[in-house]
Amino acid sequence: MYDIPFLDLPPLRRAGGTVRLPGSKSISNRVLLLAALSAGRTVVRDLLDSDDTRVMLEALQTLGCGLERLDATTVAVTGLAGRLPVRQAALFLGNAGTAMRPLTAALALLAAREGGHFELRGVPRMHERPIGDLVQALRQLGAGVDHLGQEGYPPLRVRGPAALHLEAPIRVRGDVSSQFLTALLLALPLVAQAQPVTVEVAGELISKPYVEMTLKLLARFGVAVQRDGWRRFTIPAGARYVTPGEVHVEGDASAASYFIAAGALAATAQPVTIEGVGLASIQGDVAFADAARAMGAVVEGEANRLHVHRGAWPLRALDLDCNAIPDAAMTLAVLALYADGPSTLRGIGSWRVKETDRIAAMAAELRRLGATVEEGPDWLRVHPLPANGWRAAALHTYDDHRMAMCGSLAAFNPARQPVRILDPRCVAKTFPDYFETLWQVVEADPTDIPVICIDGPSASGKGTLAAALARRLGYHVLDSGALYRLVGLAAARAGVPTDAAALQDEAVQARLGELARTLPARFDGGRVWLGQEDVTTELRSEEAGAAASRVSAVPAVRAGLLALQRAFRRLPGLVADGRDMGTVIFPDAALKVFLTASARARAERRHEQLRARNEHASIESLLAELEARDARDRARSVAPLAAAEDALLLDNTHQTIEESVEAVLGWWAQRRPFEV
Ligand SMILES: Nc1ncnc2c1ncn2[C@@H]1O[C@H](COP(=O)(O)OP(=O)(O)O)[C@@H](O)[C@H]1O
Ligand SMILES: Nc1ccn([C@@H]2O[C@H](COP(=O)(O)OP(=O)(O)O)[C@@H](O)[C@H]2O)c(=O)n1
């Protein structure tokens with residue numbers, strides 16, 4: 001997950017390969033609640049691990065449910081069997097509508113029957129998302145529900161006991177959010193013991209496939225709701241949740257839309273294959289595949305898998321009522337930028353009450369990219385962008401995961417403009433590793449992947465600065481010095497001498513070159529591996545540094561490491577530290593910094609580093625060794641230590657690390673094309 005202020009996506013050229021999607025949010029939270037209301041133990045597999053499921057799990061735990069995490073995506077839930085072991089609790093539900101609405105209904109009915117007192121709150125945006133129609137329906141039933149803030153919105157208090165009136169049909173509006181009906185359907189089996197309970201929908205029901213999903217999941221838990229069109233739903237008398245024992249959560253079909261879109265835009269050589277969602281899906285958003293087809297994509301499917309590649313190009317403009325696919329329809333708005341005429345999305349009034357006002361947000365951000373967009377109360381018209389119309393934009397995401405994921409699709413623009421996604425962490429709501437997953441199936445031209453080079457003498461702070469920059473920008477790091485150190489170590493392991501005399505020998509040089517070319521180096525979670533051996537500590541020794549400096553003067557070693565170093569240039573970007581990053585390895589880097597500090601300051605830093613590791617050396621001897629190493633690095637014939645002509649000089653003798661980082665980020669900001 002990228003927990004950084006912004007993430008820059010280089011222009012993307014191609015898509016292809018296989019992705020496995022995380023579990024569906026809608027199914028995950030429904031199944032968790034059903035398992036919690038059932039008796040016995042339900043093992044939920046492929047559960048989504050995200051903000052929205054986390055708040056649901058925390059709430060269920062607070063309410064006394066037994067939760068056992070079996071692995072990262074498997075949780076065993078021991079249900080409450082329709083009882084309330086905890087009678088009083090304050091629940092925080094973040095911005096998860098799929099937790100707030102059904103929990104409100106379930107707790108209102110349980111508290112009515114058993115007594116209890118519960119408060120349900122969320123983030124400020126949750127307190128702007130309507131729930132009044134559900135509250136009304138619950139009050140009709142006789143349940144005690146109070147608004148703690150603004151009328152019609154969370155936070156809420158539910159309290160009991162209360163006498164419930166279950167005889168007359170309960171009326172609920174269906175035209176604002178289908179989640180009100182879903183919440184009632186999930187909760188009413190709790191009280192439909194003595195008589196059937198009927199719900200009647202007022203107004204045209206929106207997002208019907210989500211209600212259908214609710215009914216299918218209820219059936220999995222033993223409750224067969226009778227449906228009369230989309231107007232009347234009856235829960236039979238004697239309804240009882242029965243755990244199926246084990247449930248597999250399907251991959252998220254709304255999340256699939258981004259990968260279907262990537263395939264439609266750029267899968268020209270091989271298809272994008274999406275695992276975990278297919279034709280047998282119970283999620284309405286699989287119908288996004290039909291919309292993508294209508295725009296020209298070639299989508300083929302199996303029960304649990306989809307294959308997508310580019311068909312018509314440019315895409316065909318679309319005029320579609322998106323009522324049935326409200327979430328995935330956002331993806332169509334971005335695809336429309338690549339179409340052959342204006343596209344109109346209708347029936348999307350519900351966008352206005354989602355994580356943000358998505359009609360306003362989408363219009364604003366597409367305009368930032370350069371597009372002409374018209375909007376109405378429940379529709380959006382997007383005009384395509386000509387190749388020369390795209391602007392490099394910093395896209396706002398409104399704490400809305402879908403705005404961020406949609407925004408990433410602008411990176412396929414033919415103008416080769418990069419795209420900045422502000423607050424990329426918001427994808428954590430449903431897909432924490434969205435961007436990491438995207439990198440698996442997209443490619444950029446290597447020259448479009450930005451590199452920042454930090455070159456300079458020993459102990460100037462290159463590694464420290466490079467790591468800090470990479471963390472801040474979400475980029476990869478190349479510690480090229482570690483590669484030379486590894487070659488030194490590999491030579492020692494193989495019995496190849498690296499003293500000055502031996503290095504004159506051409507056979508030794510050739511063997512060192514071969515060791516470099518086939519170096520089994522691996523960097524993983526802050527550890528460095530040479531083959532199967534963790535050499536992290538050994539690598540940082542002064543001895544390893546000196547050996548590195550000696551072998552690094554061998555041309556065959558430098559040539560041997562070239563391809564390995566360039567392979568670090570991967571999406572979304574790279575910060576490379578060393579001696580020749582800007583001069584030899586990445587001469588086209590977007591920013592080159594030559595980092596220096598006085599020799600004494602560097603010797604003092606090294607001294608401090610050694611002291612922290614409980615190793616001791618005098619500052620004077622370190623100073624002498626540093627100066628010798630600098631001289632050797634500067635004097636060697638291949639790739640000598642020198643600032644690239646276009647490097648910016650940074651002397652950090654009197655700077656803190658933070659000051660150095662800020663200085664370089666400032667330079668970086670100036671070189672980026674974004675209009676903020
Ligand atoms: N302004 C600064 N910038 C970077 N590092 C600094 C700075 N001031 C002190 N240091 C310290 O210098 C030490 C050497 O840094 P390191 O990154 O290992 O250098 P290099 O990779 O250039 O050999 C680190 O312990 C770091 O904390
Ligand atoms: N790109 C690079 C990186 C390191 N090196 C060599 O490898 C040695 C060790 O690099 P390092 O960056 O780990 O060492 P320090 O700067 O931390 O002392 C340096 O002294 C250089 O001689 C190089 O020649 N080219």
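User: Which helices are included in what covers the buried residues of H15?
Analyst: This is a predicted model, in which local features need pLDDT of at least 70, side-chain atom pairs count only at pLDDT 80 or more, and totals for chains, interfaces and linings use all residues. Residues are numbered from 1 along each chain as its sequence is written. Helices are DSSP runs of H or I of at least four residues, and strands are runs of E of at least two, numbered from the N terminus. The cover of the buried residues of H15 includes helices H14 (480–494), H17 (542–551) and H18 (555–560).

User: Which residues of H15 are buried?
Analyst: A residue is buried if 20 or more other C-beta atoms, placed from the backbone, lie within 10 Å of its own, exposed if 12 or fewer, and partly exposed in between. In H15 the buried residues are Val 508, Leu 512, Gly 513, Leu 515 and Ala 516.

User: Which exposed residues does the face of H15 turned away from its buried side carry?
Analyst: That face is turned away from the buried side of H15. Its exposed residues are Glu 506, Ala 507 and Ala 510.

User: Is Ser 177 buried or exposed?
Analyst: Ser 177 is in the loop between strand S11 (170–173) and helix H5 (179–187). Because Ser 177 has 24 C-beta neighbours inside 10 Å, Ser 177 counts as buried.

Terms used. Chains are lettered from A and ligands numbered from 1 in the order in which they are written. Two residues are in contact if their C-beta atoms, placed from the backbone, lie within 7 Å.
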